[in-house]
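I opened a notebook for this structure and wrote down what I looked up. The entries follow in the order I made them.

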Amino acid sequence: MRADARDNRARIMTAADDVFGRSPGASTDDVAKLAGVGIATVFRHFATKTELLEAVLTLRLERLRDRALDLAGSADPGAAFYRFFTQVVSESASKLAIAEALTASGAAAGEEARAAGRGMREAFDGLLTAAQKAGAVRLDAHFPEVYALLIGASRGATAAGLQPDVRDRMLALVYDGLKPRT
């Protein structure tokens, strides 16, 4: 891909992340305008809005996976686990908006998005295991339950439109339940 095409694609992805993250019903015209390119340029890179939505969702999941992998090397595994959990819940509204837009288009996530999701879950599982070994998360909290808490907190915070201070108090309650019993 030529340098100008790579630059256009990157601008389109950045714009789509912003536009669809704010409004699932936004159009590809809105993306093109924000990216500073013509609609034909958007469609040269992504044949359909669905392809663009999937690419943005995949990018979001890959970023979360990479963030979890970066945090995995932390000197404080407990803090790393809770930091990642907080980040996922804090960013959930825009990620869920993108996923909703994809669903509204009549499509399900494709293989790239599913693979990125698996990678993110595996990296989160690694953070959980390290936090448990460090004594920051109770040992009887298994991945399926903790992942369900992450999804539930994310969806709940988004659905209720929680303000950051309320969201943080809700997370403090969740975290109290995850801490080892003394």
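Which residues are buried in helix 9? I found Arg167, Leu171, Val174, Tyr175 and Leu178, where buried means under 20% relative accessible area, exposed over 50% and partly exposed in between, with a 1.4 Å probe and protein chains only. They sit on the same side of helix 9, because they cover an arc of only 100° around the axis, the arc being that of the directions from the helix axis to the C-beta atoms.

Before going on, I noted that this is a predicted model, in which local features need pLDDT of at least 70, side-chain atom pairs count only at pLDDT 80 or more, and totals for chains, interfaces and linings use all residues. Residues are numbered from 1 along each chain as its sequence is written, and side-chain values use heavy atoms, with hydrogens and water left out.

**Helix 9, continued.** I looked up its extent: residues 164-178, 15 residues, reaching 21 Å from first C-alpha to last. That is close to the 21 Å expected at 1.5 Å a residue, the expected span being 1.5 Å times one less than the number of residues. Helices are DSSP runs of H or I with at least four residues, numbered from the N terminus. The buried residues of helix 9 pack against helix 5 (77-90) and helix 8 (143-160). On the face turned away from the buried side I found the exposed residues Arg169, Leu173 and Asp176.

**Gly78.** I placed this residue in helix 5. Gly78 counts as buried because its relative accessibility is 4%. Leaving out residues up to four places away in sequence, Gly78 touches Ala131 and Ala136; contact means heavy atoms within 4.5 Å.

**Salt bridges.** How many salt bridges does a search of the whole structure find? The search finds 12, each a side-chain nitrogen of Lys or Arg within 4 Å of a carboxyl oxygen of Asp or Glu.

I looked at Arg60 and Asp17, whose side chains meet in a salt bridge at 2.5 Å, N to O. This pair links distant parts of the chain, with Arg60 in helix 4 (residues 49-71) and Asp17 in helix 1 (residues 3-22), 43 residues apart. Are Arg60 and Asp17 buried or exposed? Both are buried.

Next I took Glu111 and Arg114, a salt bridge at 3.1 Å, N to O. They are about one helical turn apart, because they stand three residues apart in helix 7 (residues 111-133). Glu111 is partly exposed at 43% relative accessible area, and Arg114 is partly exposed at 40%.

Methods. Helices (H or I, at least four residues) and strands (E, at least two) are DSSP runs, numbered from the N terminus.
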